[in-house]
Structures are given as C-alpha cells and as structure tokens.
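Please work through each task before reading its solution.

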Amino acid sequence: MANNIRAGRITGDPIRGLCERICIEVDRVFDGCRETVNNQNYVFTLSGISPQATPPFTFTEATGYGETTVENVSVVQLSNGKSRVEADIVMPIAVTFLDTFGNAYTGTSTLRLHRDFVLRVPTDSIVPYSLRVFSAFLSRIGNFIGDDAVSVAGCYTLVVKVIVRTDILVPSYGNCVYPVCVDCGGEACNEFLSLPLFPRS
C-alpha cells in the first residue's frame with residue numbers, strides 16, 4: 001500500500017486525506033526583492049592569512065554565500081503604502097590563493113554595500129518585523145595588489161526579505177509517516193556477489 005502521508009508530489013484529489021487545521025509559527029516573508037550585479041570591480045583587504053604563506057601570491061577565487069549582516073537600517077514611509085529602506089549590507093568573503101610554492105591558502109574579508117530599496121513594511125501590528133538578506137558572491141578574476149590586498153572583478157546576488165514572525169493556520173494531512181530506510185550498502189553487496197566469477201567470453 002502506498003504511503004500517502006509523506007512529503008512529495010500530490011497525485012489525485014488534493015483534498016482527500018485532509019484531517020485537521022494546524023496553527024504553526026513561521027517566519028512570513030511580508031515583502032522582498034532581488035538584486036543582481038555583474039562584472040564589478042572590488043578591492044578586498046584580507047585577514048587571517050597563515051604566517052606560513054610566502055608571497056608573492058596568486059589569486060584563485062573569491063566567494064561568499066549565505067546569511068548576511070544588515071546594519072544601520074533606516075525606514076521612511078512613502079505615500080504609496082510602501083517604504084524606503086536604506087541599509088548597509090555586509091557580505092563575508094573568502095579569498096583562496098596560492099603562495100610562491102604553490103600551496104593553497106585562504107584569507108577572509110567583507111564586502112560592504114549601502115543599498116536603498118522600496119519595500120512594503122508592516123506598520124499596523126504589534127509584532128515587529130526584521131530585515132533579512134541572503135547573498136552570494138563569486139569572482140575568478142583578480143590579482144594581488146599587496147601582500148594582504150586583492151583586486152577582483154566579480155558578481156553578486158542579494159535577496160532582501162521583510163520578515164514577520166507570525167502564526168498561520170494551514171490544512172494538514174496529519175503527522176508525516178516515514179518509509180523504512182533502504183540499506184544501500186546491502187544492495188551493493190548483493191549486486192556484487194551476484195556477478196559471475198569469471199567474465200563472459
């Protein structure tokens with residue numbers, strides 16, 4: 001019998017099996033936007049370089065990915081029901097490079113951006129909102145301009161969200177039922193042991 005109380009695609013009537021209403025506490029995305037910038041030049045001053053790394057250094061890659069710090073937020077209401085949101089966005093950056101002996105090392109830096117967006121911000125509730133930013137940065141073109149500074153050409157994407165912690169009511173099929181785990185290693189052994197001793201001619 002198929003297990004229909006599990007995550008996955010719904011087949012057939014989506015109403016069938018609904019059994020209750022559940023109140024869940026979630027981070028609701030009240031509003032959001034995305035910004036993508038390509039082929040811009042940046043200079044990073046690095047910290048955390050290993051003392052064993054011997055210059056001159058050769059740039060390999062600069063990357064940043066994940067939750068990003070938001071500072072100095074300023075919100076001004078506009079006449080169209082939205083708000084002007086200004087903030088400093090600070091992305092963590094990791095720079096990988098090779099030293100003169102070909103050994104790989106990593107240094108860290110940050111990319112600080114001042115951004116000015118128009119977003120819908122809740123103004124009529126007791127529960128506060130927060131501004132959350134996800135960022136991704138990539139550069140594979142760059143060169144060292146000093147023992148601890150690198151100039152790169154890179155691109156980034158920001159996803160800015162206005163988050164409100166809220167309780168919402170959702171229809172539910174009940175608690176999830178998980179299938180029995182399949183032992184992948186056992187199957188691999190069974191396949192191996194079923195092979196003929198000698199190859200077929």
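**Exercise 1.** Determine what the side chains of Arg140 and Glu61 form, and where the two residues lie.

Solution. Step one: the side chains of Arg140 and Glu61 form a salt bridge, with N to O at 2.8 Å (a side-chain nitrogen of Lys or Arg within 4 Å of a carboxyl oxygen of Asp or Glu). Step two: Arg140 belongs to strand S5 (residues 129-146) and Glu61 to strand S2 (residues 58-77), so the bridge ties together parts 79 residues apart in sequence. Strands are DSSP runs (E, at least two residues), numbered from the N terminus. Step three: Arg140 is exposed at 59% relative accessibility, while Glu61 is partly exposed at 21%. Here buried means under 20% relative accessible area, exposed over 50%, and partly exposed in between (1.4 Å probe, protein chains only).

The model is predicted: local features need pLDDT of at least 70 and side-chain atom pairs pLDDT 80 or more, whereas totals for chains, interfaces and linings use all residues. Residues are numbered from 1 along each chain as its sequence is written, and side-chain values use heavy atoms, without hydrogens and water.

**Exercise 2.** Identify the network that salt bridges with shared partners form around Arg165.

Solution. Step one: Arg165 bridges Asp27 at 2.7 Å, N to O; this pair links strand S6 with strand S1 across 138 residues. Step two: Glu25 also meets Arg165 in a salt bridge, at 3.7 Å. Glu25 lies in strand S1 (residues 20-45) and Arg165 in strand S6 (residues 149-172), 140 residues apart. Step three: shared partners join Glu25, Asp27, Arg132 and Arg165 into one network. Step four: Glu25 is exposed at 52%, whereas Arg165 is partly exposed at 39%, and Asp27 is partly exposed at 33%.

How values were computed:
Helix = DSSP H or I, 4+ residues; strand = E, 2+ residues; numbered from the N terminus.
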